[in-house]
Amino acid sequence: MYQERVLSGMRPTGGLHLGHYHGVLKNWVELQHEFECLFFVADWHALTTHYDTPEVIEKNVWDMVIDWLAAGVDPANATLFIQSRVPEHAELHLLLSMMTPLGWLERVPTYKDQQEKLSEKDLSTYGFLGYPLLQSADILIYRANKVPVGEDQVPHIEFTREIARRFNHLYGREPGFEERAEAAVKKLGSKRAKLYEELRKRYQEQGDDEALEAAHALLNEQQNLSLGDRERLFGYLEGGGKMILVEPDALLTAASRMPGLDGLKMSKSYNNTITLREDADSVTRKIRTMPTDPARVRRTDPGDPAKCPVWSFHLVYSNTATQEWVQLGCKSAGIGCLECKQPVIEAVLREQEPMRERAQMYQDDPTLVRNIIADGCEKARKLANETMRDVREAMGLSYS
């Protein structure tokens, strides 16, 4: 019905580290060459947990965007924008809140989980309870059908699908819907209309998903349909009303294999990170002082790579030959720990070098970053307004 579109966002919580790069940004760089992509700074989401320290958000916003650009996200291939600069997000969030059952929000798995993890903060706020709905508004306002997430975020995408389904059910039933849909079928031409009816019958009577997929493909090929007729035919196909909001699919991403300097998950809260643009001397010093297998007290003591945090870095950065060299040398005490760390140091610096180079021009001229964001916000707002026009009309708020 709509073109394939990817949406993803990040909270501005400070400079990004290699865990962010391997867990999110590398995937963004690949996706921007395959789909229409929108990547946004989720500054309103940052306020749901940091409402009492807003002073850090603005600096973090610009630092994070520079990190994105340094990592290879290309504004020529993706739209970069800031959530709060597109106020239609807030409008859709408000309108969706009118029809969202309270119990749906309370059952989102991360709601209680985050309250327990951030027990030092008072999160008994409306904003925190409603953040999954704001997240849904972020997705639905762009009719994004692909959202890259890890497995722990899949419930949020399913929640968004339920919201879209409920909205379409409540507001997609325009007066005379079936008559209008049947009139739209005729506009397909006799041959395609017959095929559409056959596929619709197979799906509704037999639950044939292949028939549904074939019908979607048939409608997507039609160039002579108005947007309204297109929405009606998609809704009529599945036995509902007009499809105003698009149900997104989770685009599952592999969990980051990037460990922290201590072998735990790389996280600022653990103080075990290497930032994306960290200077070479600092990176070298951090890796050279990483803990190793405690059994290797002396250079001549054999060790076990499986018990050493440095080995986890080799799994990310080293080829098979280097990994075999590490395994043999460590277990036989043929190499020392500093020797083992050197290929990792070189690989990390090699990965970071183009990032630092790309970032330099944006650091030298901050207006470049602000212009990229201004252009992105304008594009995003245009798309958001297209959706909001239909939402307002469906909810009786267009007053045209």
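1. Helices (H or I, at least four residues) and strands (E, at least two) are DSSP runs numbered from the N terminus.

2. The model is predicted, so local features need pLDDT of at least 70 and side-chain atom pairs count only at pLDDT 80 or more, while totals for chains, interfaces and linings use all residues. Residues are numbered from 1 along each chain as its sequence is written, and side-chain values use heavy atoms, with hydrogens and water left out.

3. Strand β2 (residues 36–41) runs parallel to β3 and is joined to β3 by 5 bridges; two strands pair if DSSP finds at least two bridges between them. Cys37 has Ala78 as its bridge partner in β3.

4. The largest nonpolar core holds 97 residues, of which Leu25, Trp68 and Tyr142 touch the most other members. Such a core is a set of buried Ala, Val, Leu, Ile, Met, Phe, Trp, Tyr and Cys residues joined through side-chain atoms within 4.5 Å. Helix α3 (residues 57–71) supplies the largest share of this core, 10 residues. A second, separate core has 19 residues, including Leu188, Leu219, Leu237 and Met243.

5. Beyond neighbours within four places in sequence, Trp68 is in contact with residues including Leu16, Leu25, Phe39, Val41 and Leu80; contact means heavy atoms within 4.5 Å.

6. His93 lies in helix α4 (residues 88–97) and counts as buried because its relative accessibility is 15%. Not counting residues up to four places away in sequence, His93 touches Gly130, Leu133, Leu134 and Ala137.

7. Helix α15 (residues 309–317) packs on helix α17 (residues 337–364) at an angle of about 45°, with their axes 10 Å apart. Axes are lines fitted to C-alpha atoms, for helices over the stretch in contact, and angles run from 0 to 180 degrees between N-to-C directions. The residues in contact include Phe313 and Tyr317 of α15 and Val344 and Ala347 of α17.

8. Helix α16 (residues 320–331) packs with α17 at an angle of about 165°, with their axes 10 Å apart. Thr322, Trp325 and Val326 in α16 meet Glu339, Cys340 and Pro343 in α17.

Note on methods:
Buried < 20%, exposed > 50% of the residue type's maximum accessible area, 1.4 Å probe, protein only.
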